[in-house]
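Subject: Structure handover

Hello,

Here is the structure I said I would pass on. My notes on what was found in it follow below.

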Amino acid sequence: MRTLIKGLLIASIAFSGIAISNEKQEISTLRDETKLSEQKTPNKMFKVNNSDIKQPRNYPMQPPLIPHTIRNYEVNLNTNKCMACHSRTRTGDSQAPMVSVTHFMDRDGNFLAEISPRRYFCSQCHVTQQDAKPLVENTFVDMHQLMKAKSDPK
């Protein structure tokens, strides 16, 4: 009896493997249908919104968006162009918002005199906003809208 069950189990696994391998599986790539031997026409480059108007955040703890272009900004081990306007000493002249105090804390919560090395490369979290249509539909509903709908007697 055990041999029969074991044989049926092995057979079902083998047949399911054949069924899966016969299905055509599509892999989405940036090349679309372009062959490797051909050069694909590049996608359109969208313009960065360069309004310097603060953008609203979509969810709690979202890093603020950069409301201006950062093309040719140098951020490396020795230089951080962002800090030319956003450092504590420059915000009075530049009228740019100061970097959050959390960026001056080390991983243990101790405050530092300079920006923390783990927060030094701004574009790891902060991004520019581009003038582009979303690639997928966004069905995000803000928490305040959900709470209002919940309390609304309709």
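Arg 90 and Asp 93 form a salt bridge, with their closest N and O atoms 3.0 Å apart. Please keep in mind that this is a predicted model. In general, side chains of opposite charge can pair when their charged atoms come close. The structure holds 1 salt bridge.

Now the overall layout. Of the 154 residues in the chain, 13% are buried. The accessible surface of the chain is about 14100 Å², and 57% of that belongs to carbon and sulfur atoms. If you take the contacts between residues at least 6 apart in sequence, 39% of them join residues at least 24 apart.

Which residues make up the largest nonpolar core? There are 5 residues in all: Met 83, Val 99, Phe 104, Ile 115 and Tyr 120. Phe 104 sits in the loop between H3 and H4. Phe 104 counts as buried because its relative accessible area is 6%, and the cut-off for buried is under 20%. Beyond its neighbours within four places in sequence, Phe 104 is in contact with several residues, including Arg 88, Val 99, Phe 111 and Ile 115. The C-alpha atoms of Phe 104 and Arg 118 are 9.5 Å apart, and 14 residues separate the two along the chain. Tyr 120, another member of the core, touches Ile 115 and also, among others, Val 75, Leu 77 and Asn 80, again not counting residues up to four places away in sequence.

Phe 111 lies in the loop between helix H3 (91-94) and helix H4 (143-151). Is Phe 111 buried or exposed? Phe 111 counts as exposed, at 59% relative accessibility. Together with Met 98 and Val 101, Phe 111 makes a nonpolar surface patch of about 310 Å².

Next, the cysteines. A disulfide is a covalent bond between the sulfur atoms of two cysteines. How many disulfides does a search of the whole structure find? The search finds 0. The sulfur of Cys 82 has its closest cysteine sulfur in Cys 122, at 3.8 Å, which is too far for a bond, because a disulfide needs the two sulfur atoms within 2.5 Å. Cys 125 is in no disulfide either, and the nearest cysteine sulfur, that of Cys 122, is 9.1 Å away. As for cover, Cys 82 is buried, with a relative accessible area of 15%, whereas Cys 125 counts as partly exposed, at 49%.

Last, a residue from another loop. Asn 49 is found between helix H1 (2-22) and helix H2 (83-86). Asn 49 counts as partly exposed, at 28% relative accessibility. Where along the chain are its contacts, leaving aside neighbours within four places in sequence? They are Pro 67, His 68, Gln 129, Gln 130 and Asp 131. Asn 49 and Asp 131 are 82 residues apart along the chain, yet their C-alpha atoms are separated by 6.1 Å.

Regards

How values were computed
Residues are numbered from 1 along each chain as its sequence is written. This is a predicted model: local features need pLDDT of at least 70, side-chain atom pairs count only at pLDDT 80 or more; totals for chains, interfaces and linings use all residues. Side-chain values use heavy atoms; hydrogens and water are left out. Patches are made of residues with over 30% relative accessible area and no salt bridge: like charges are joined within 9 Å, nonpolar side chains (Val, Leu, Ile, Met, Phe, Trp, Tyr) within 5 Å. Accessible areas come from the Shrake-Rupley method with a 1.4 Å probe; for residues, only the protein chains shown count as cover. A salt bridge is a side-chain nitrogen of Lys or Arg within 4 Å of a carboxyl oxygen of Asp or Glu. Helices (H or I, at least four residues) and strands (E, at least two) are DSSP runs, numbered from the N terminus. Buried means under 20% relative accessible area, exposed over 50%, partly exposed in between (1.4 Å probe, protein chains only). Contact means heavy atoms within 4.5 Å. A nonpolar core is a set of buried Ala, Val, Leu, Ile, Met, Phe, Trp, Tyr and Cys residues joined through side-chain atoms within 4.5 Å.
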